[in-house]
Amino acid sequence: MIQNIPLSYFLVISTLMFFIGIYGFLTRRNLITMLMSIELILNSVNINFVAFNRYLYPQQLQGHFFMLIVIAVAAAESAVAIAIIINIYRNFKSVDVENVDEMKY
Amino acid sequence: MNILNLFIIVPVLTVCGIMLTKDLKQSRLVSAIGMGVQLILAFVLVYLYLSERSAGNTETMLFMYDALWFPALNIHYALGVDGISVAMIALTGIVVFAGIFASWKMEYLPREFFISLIVLATGVYGFFISIDLFTMFLFYELAVIPMYILIGIWGTGPKEYSAMKLTLMLMAGSAMLMVGILGIYFFSAPAGSPLTFNIMEISKITIPIEMQRFLFPFTFVGFGILGALFPFHTWSPDGHASAPTAVSMLHAGVLMKLGGYGVFRIAIFLMPQAAQEQAWIFLILTSISVVYGAFSAIVQTDLKYINAYSSVSHCGLVLFAILMMNQTAMNGAIIQMISHGLMTALFFALIGMIYGRTHTRLINEMGGLMKVIPFLGVVYVIAGLASLGLPGFSGFVAEMTIFVGAFQHVDVFHRVVTIVAASSIVITAVYILRVVGILLFGPIKNPHFLELTDAKWYERISTISLVLAITAIGTAPWWLSNMINYSLAPIVERLSTIQVTGLF
Amino acid sequence: MADYTYTLLIPLIPLFVFLLLGLTGHKMKPLVSGLIGSTGLGISAILSYATAFKYFIGSHVAGTGYASIKGFEVSWLHLTDKLTIHLGVLIDPISVMMLVVITTVSLMVHIYSIGYMKGDPGFYRFFSFLSLFSFSMLGLVLATNIFQMYIFWELVGVSSFLLIGYYYEKPSAVAASKKAFIVTRFADLGFLIGILMLSFNTGTFDFQTLTDPNGPAIASAGGAAFMGMSVLTWSLIFIFIGGAGKSAMFPFHIWLPDAMEGPTPVSALIHAATMVVAGVYLVARLFPVYALGAPDALMVVAWVGGFSSIFAAVIACTQTDIKRVLAFSTMSQIGYMMLSLGVSGYGGEEGLGFMASNFHLFTHAMFKALLFLGAGAVIHAVHTNEIGGMGNLRKHLPITHITFLIACITIAGIPPFSAFFSKDEILVAAFHNNKLLFAIEYIVAGLTAFYMFRLYYGIFWGKNTKYDHTPHESPLVMTIPLMILAFGSVFAGFIPFHSLVTSDGLPFESKIDWLIAIPSVLIGVLGIVVATVMYKKENPLPDKVAGTFKHLYKWAYHKFYWDEIYLFVTRKIIYRYISEPIAWFDRHVIDATMNGVAGIVQYTSYAIKGFQSGRLQQYAFVFVSGTVVLVLIFVYLV
């Protein structure tokens, strides 16, 4: 119980983080930076889970557990994404996302 | 074993047999044997049918066979024939047989060619023997799709364009047909009873008139595209011109009759009220077809285009006659289907033979061929005379029956369109004689042609079998006419029980 | 009732010969094929004479008329419950008369052709086509119903096509055969429409039922009317159009002069004696219907006949090709026959025109065939058709000369040769019906004598001795038919047609009306005299006359430009202004629409495929915005 900090503050923060992450994913050219934006999105979801857990169901811990799973998945997914980026670098000699457009009409 | 099932099994076995062969000689031998067996089967069917009828069997459809296919939608694999189907099967047998012999020298990918050809034939046979709407549609598609492969690979000239145009336009027709057939299905039974695809059962009830008004144009135009209905006929000139010989023979000779047969069996039979109301629109279109095709043929310079436009004209006459919806005219329509099928197959076979020798289809580059290749020349003249409706050949019988039947309507509109359609006998004479005069008569244009060889034995089989069939119907028409008349009786009876306040 | 079933053999024997020669003729020696053809016709001829004897004399009961008998009939094609096409044999005065005419002339032509066509590579083909024609023509005259007649009508047309185009390597022959077929086919369309109208109004195709004076057909004349004339009249006019086409009546006459491209025996058989009279026969066959039910249609017949008659006679005066002169002469004489039918009434004396028409048909067949075969002998001898290349042939070709002269005298109407009798009856019938028509035919009689003797003098007189090689008389096989036909021309006038072939089958009294006969002979003699003065010896008189009537001469020489009109209509109008636009429309408008549909599909596809850009961020953007939209919808609208 964090007194006098309404739930909505946390939700606003997580929403801001979410859309900043999406904006970053859609507009950044560097693949690593896009990866960082994805992390932002995932972390915003984490904040959401924990906040709801703490405020609505303080006796239970499902939100916390789910947050832990998301962190683990995010870590694994980062590892795979870095591996892909390294392969892309080897093929195109740069990590610019504009180069990865072969799968088209 | 129901004899009708054999009509599907024999071609399938032939295809399997061809897949085991190695080269042209073996594949064409297997095809010839297979289609020869099929031809004999067709004649056996005619004989059995006639003996059943003379033994007193008065059911509408004979040799019926039924197997439940998709229980959920009540789709059956239902077969049955009456006099009209039997006649069409005989026609297909003769034309396919002649077509195999006309392709005796197909050097490029012969196995695949013959396989596609026979799959096409299977589709056609299946269409004529089925009485379940879904099965008919299935065989219809089976007959249309191989055309793309056959024209696109073995064709001449702008073959890819022609193949694509033909297939897409016919597919558009199938799409319209699908709408029509599904529509009929959903109204095929009064509320509460299970829906059915079976034609005979649907014919016992009346589809609501508002739905008929909507479904009839779809079905009619869907089949009409295949039957060369103006203005949807343009796939025909390019398609026929680019196709190899046997494919043109089969297509103009048999496939285009699927359109006429379909209109007859499905559109008119199941939706007679709408047919009566809307006939006048399509009568105008079909009579334009007849005259338009003939006029276009006059100025063409390519033999195959002349024949293609001629087919548009004659097939238009078939639809014209069916729309007259009385016994005589519909009898004439079916005789015309058979007669034109034989004649156009003969024409395309001859054109293929001439092209194989002179390597040109432009009539202005040829001339005086009668002296060099007399057998082919004489047969061409015979084919031409049959096409312009000379008595003694089947074309005359068909056309006169149609005109007399059409003239039975006493109102001015029907009689005027009949006279317009009848004027085609003059225009047909003009373009036929023009071609014969330029191609066969006159001085020899190209001295290289002096070394041309006349018809070989397989070419003689091909052409003579067709000429004999045309002459047989022309000199002894009563066999065919009576057989068809008998089977038309129930249909005419159904048409006459409805009273419609149409426009005319 | 006597049994006439054997008459089936009369047309069937030539059919059999046609098939035999057509399929195996190339393996025979030419002479054999000629003999087979002639023998076949000979048997048919003997059977025809036997039938004529049996019908007119043998089984005839004195005092009664001649009834029509159906010798044989079988149902061929069932059309509606009332209309069925039968095939059969109808024996009545005109059909028996035609049997005699056709088989006799055909036999003469066959024998003659053995000599004329000697050496031609297509000898057997010629004889097989001749037999085909004989079969078709015989079937036509023996027809029991109008549809059967139509069937054989078409077959006759095809035989004519094949025979005119016999020399198929000559472009002019090919063009002529096409023209003949197409012009007659156009007329046949009228015939067909007439048949449809007639049969639906009267409920039958059968001639016996149609022509029964008390039957239903004629009674329906009072039925529905259209534009002032009954449907029956209209249908008969359409049927007459078909007849006018085959008989080369104006304006369907253009094919006949060109048909002379065929070998001369063909011209003799088809275009003089038999096929061209098919139209006359058609009107004669339906005569009771015409006379009793549709007198307006008969007027049309009469005037078309009269006009064609004088039209052709004027043109014939200017032509220089032997066969063209004879062709126009044929057209003119057939005009006589049509006119005679047109002015005739029905029954007894009223039916004089009918009798005269058939009489003239009979005599005309004899002398016109003789003229053509004689012309053929001349052409055979001097190898040219033009009068200018001939002259002084009476010394070289004596038999041809005498027979030709006999024919010319006959056609001029000089008694006691046959045409005097037949022509005189026509003039009498015309005089009693319509004085103007009589006047036209009277003038034509004079013109006929004039141009025929112009031709005669041009060929056989004059001082021309510039021949490459001396012309020699034709062999016996060619001259014997000439002599037989000459015999017929002379003596056929004495056959008592007025008791044999009449409009109602009953005989009537006929006498020579001297009031008409003497002036008709006089004008014939006048024509001969004028021709003698102008043409017997070389003199400048013809050119002076031509110069005086400069324009008329030029127009007549060019056949009044009808061929040019025909060419204009077919080439310019049908070809350029109808067919080509239609073909263009098909390729560039309808096809373009279909191609346009395909083009639109292609364009749309190109436009849409930008969505698959391969760019990851674009995909993500679409994904996210779609989700947002859906969420908004679900939250606010659902």
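Helix α18 (residues 418-433) of chain C is the biggest contributor to the lining of the second largest cavity, giving four residues. Keep in mind that this is a predicted model.

**Cavities**
- Searching the whole structure turns up eight cavities of 30 Å³ or more.
- The largest cavity has a volume of about 80 Å³, and its lining draws two or more residues from each of α12, α13 (327-358) and α18 of chain B.
- α12(B) gives the most here, with four residues.
- Residues lining the largest cavity include B:Leu303, B:Asn307, B:Phe347 and B:Tyr431; by class, the lining splits into eight nonpolar, two polar and no charged.
- The second largest cavity comes in at about 60 Å³.

- Two chains show up in the lining: α11 (272-298) and α18 (424-439) of chain B, plus α6 (171-202) and α25 (562-608) of chain C, each supply at least two residues.
- The largest share, 11 residues, belongs to α6(C).
- By class, the lining of the pocket has 27 nonpolar, eight polar and nine charged residues.

**Helix α17 of chain B**
- In α17 (residues 412-422) of chain B, the buried residues are B:Phe413, B:His414, B:Arg415, B:Val417, B:Thr418, B:Ala421 and B:Ala422.
- Those buried residues pack against α11, α12 (303-324), α16 (394-407) and α18 of chain B, and also against α6 of chain C.

**Where chains A and C meet**
- Here 13 residues of chain A are in contact with 11 residues of chain C.
- The two chains bury about 1,000 Å² between them, with carbon and sulfur atoms giving 67% of that area.
- On chain A's side, A:Phe25, A:Leu26 and A:Tyr105 supply 46% of the area buried against chain C, more than any other three residues.

**A closer look at C:Ser613**
- C:Ser613 sits in the loop between α25 and α26 (616-636) of chain C.
- C:Ser613 counts as buried because its relative accessibility is 10%, below the 20% cut-off.
- Its side chain reaches the backbone nitrogen of C:Arg615 at 3.2 Å.
- Leaving out residues up to four places away in sequence, C:Ser613 touches A:Asp101, A:Lys104, C:Gln618 and C:Tyr619.

Methods: Residues are numbered from 1 along each chain as its sequence is written. Chains are lettered from A and ligands numbered from 1 in the order in which they are written. This is a predicted model: local features need pLDDT of at least 70, side-chain atom pairs count only at pLDDT 80 or more; totals for chains, interfaces and linings use all residues. Side-chain values use heavy atoms; hydrogens and water are left out. Ala, Val, Leu, Ile, Met, Phe, Trp, Tyr, Cys and Pro count as nonpolar, Asp, Glu, Lys and Arg as charged, and the others, Gly among them, as polar. Buried means under 20% relative accessible area, exposed over 50%, partly exposed in between (1.4 Å probe, protein chains only). A polar contact is a pair of N or O atoms within 3.5 Å; within protein, one must be able to donate a hydrogen and the other to accept it, and residues adjacent in sequence count only if both atoms are side-chain atoms. Contact means heavy atoms within 4.5 Å. Buried area is the accessible area (1.4 Å probe) that two parts lose on being put together, summed over both. On a 1 Å grid over the protein atoms alone, a cavity is a set of points where a 1.4 Å probe fits but cannot get out, and a pocket is an open set with protein on both sides within 12 Å along at least five of seven lines; lining residues have an atom within 4 Å of a point. Grid points are joined across faces, edges and corners, and a volume is the space filled by probe spheres set on the points.
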